[in-house]
Amino acid sequence: MQHRTASAGKIRPGARWDGGKRAGALLEVRDVTKTYRRGVWPRRRSRHVLRGADLELYPGEVVGLVGENGSGKSTLMKIIVGGLRRDSGAIRLAGQVGYCPQEPILYTRLTCDEHFALFGRGYGMTPAEITGASNEIYDALGFGQWAESRVDELSGGTRAKVNLALALLPDRQVLLLDEPYAGFDWDTYQRFWELSALRRAAGRALLIVSHFITDEDRFDRIYDLRDGKAVPR
Ligand SMILES: Nc1ncnc2c1ncn2[C@@H]1O[C@H](COP(=O)(O)OP(=O)(O)OP(=O)(O)O)[C@@H](O)[C@H]1O
Ligand SMILES: [Mg+2]
């Protein structure tokens with residue numbers, strides 16, 4: 001997490017990364033590399049996952065991050081939020097991040113309400129703000145009836161809703177969502193896009209990992225993660 005605070009806030013909103021780029025990026029990723037290393041010599045193995053990835057996110061856009069399984073999408077997101085160290089490169093965040101990990105990270109013995117209370121306090125929200133935001137998200141994603149149920153009693157799809165809800169709770173400027181609707185039914189999937197449109201209209205920037213070709217029209221821009229680089233489409 002030290003990594004995250006070190007990266008965050010180094011540029012002001014509206015500041016330039018360099019003369020050749022558009023001003024006002026909320027997130028700038030430059031030349032990020034990452035190699036996973038396993039084992040010890042002589043059986044040491046290296047997997048070069050990111051080989052100089054560049055990416056930008058601006059206020060009021062929904063950007064897709066696509067690529068085949070194992071191309072490094074989740075690795076890149078983990079590096080941006082500071083959960084994983086990069087080997088080299090730079091990340092500049094001009095705002096705070098809400099992150100929905102691909103694998104739900106939840107406490108099985110806590111209820112949905114208890115998750116909101118716990119994470120909301122961690123985000124520095126007041127009890128009134130937590131109640132307001134969680135009610136809005138319960139309505140938007142349609143799982144209010146599970147508010148007092150423990151996570152270990154929930155279906156996989158409802159757990160995915162809680163996982164996404166925790167990223168949406170504090171209304172952060174930048175949202176990084178790693179396959180957020182993988183387990184959703186059609187109705188919830190539609191609601192997810194309505195919610196994204198609202199955040200976009202409020203000037204938030206969303207980066208969403210997707211495998212669905214049908215999503216392509218919903219994105220303002222798409223990056224294809226290929227050979228360790230994020231290639232704009
Ligand atoms: N902790 C780790 N140690 C070693 N290798 C890892 C580790 N995490 C991921 N990898 C490898 O790095 C590569 C990229 O993984 P990553 O999870 O970032 O891919 P992804 O694009 O998110 O894939 P998917 O679409 O399946 O979610 C894969 O080959 C994976 O096996
Ligand atoms: Mg992934």
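Reader: In which sense do β8 and strand β9 pair?

Author: Good place to start, and keep in mind that this is a predicted model. Strand β9 covers residues 229-232, and 4 bridges join β9 to β8. The sense of the pairing is antiparallel.

Reader: Which residue takes a positive phi in the hairpin of β8 and β9?

Author: This hairpin has 2 residues between the strands. One residue there has a positive phi near 50°. That residue is D227.

Reader: In which sense do strand β3 and strand β8 pair?

Author: Strand β3 spans residues 61-66 and strand β8 spans residues 221-226. They are joined over 4 bridges, and G64 has I222 as its bridge partner in β8. Here the strands pair in the parallel sense.

Reader: Over how many bridges do strand β1 and β2 pair?

Author: Strand β1 takes in residues 27-38, and its pairing with β2 is antiparallel. For one example, look at R37, whose bridge partner in β2 is S46. The two strands form a hairpin with 6 residues between them, and G39 in the turn has a positive phi of about 80°. The number of bridges between β1 and β2 is 10.

Reader: Which residue in β4 stands opposite L27?

Author: Strand β4 runs over residues 88-93. It pairs with β1 in the antiparallel sense, over 5 bridges. Opposite L27 you will find L93.

Reader: Now for the ligand! Which element gives the largest share of the shell around ligand 1?

Author: Two elements, β2 (45-57) and α2 (73-81), each supply at least two residues of this shell. Of the 14 residues around ligand 1, those that come nearest are G70, G72, K73, S74 and T75. The largest share is 3 residues, and it comes from α2.

Reader: How many residues of the shell around ligand 1 are polar?

Author: Sorting the shell by class gives 2 nonpolar and 4 charged residues. The remaining class is the polar one, and its count is 8.

Reader: How much of the accessible area of ligand 1 does the protein cover?

Author: Ligand 1 sits in the second largest pocket. A side-chain N or O atom of S74 is 2.8 Å from an oxygen atom of the ligand, and one of N69 is 3.0 Å from an oxygen atom of ligand 1. A polar side-chain atom of Y36 lies 3.4 Å from a ligand nitrogen atom. Of the 650 Å² that ligand 1 has on its own, the protein covers 68%.

Note on methods: Residues numbered from 1 in each chain as written. Chains lettered and ligands numbered in written order. Predicted model: local features only at pLDDT ≥ 70, side-chain atom pairs only at ≥ 80, totals over all residues. Heavy atoms only, no water. Near = heavy atom within 4 Å. Polar contact = N/O pair within 3.5 Å; in protein donor to acceptor, adjacent residues only side chain to side chain. Areas by Shrake-Rupley, 256 points an atom, 1.4 Å probe, with all protein chains shown as cover. 1 Å grid on protein atoms, 1.4 Å probe; cavity = no way out; pocket = protein on both sides within 12 Å on 5 of 7 lines; lining within 4 Å. Sits in = over half its atoms within 2 Å of the grid points. Nonpolar A, V, L, I, M, F, W, Y, C, P; charged D, E, K, R; others polar. Pairing = 2+ DSSP bridges.
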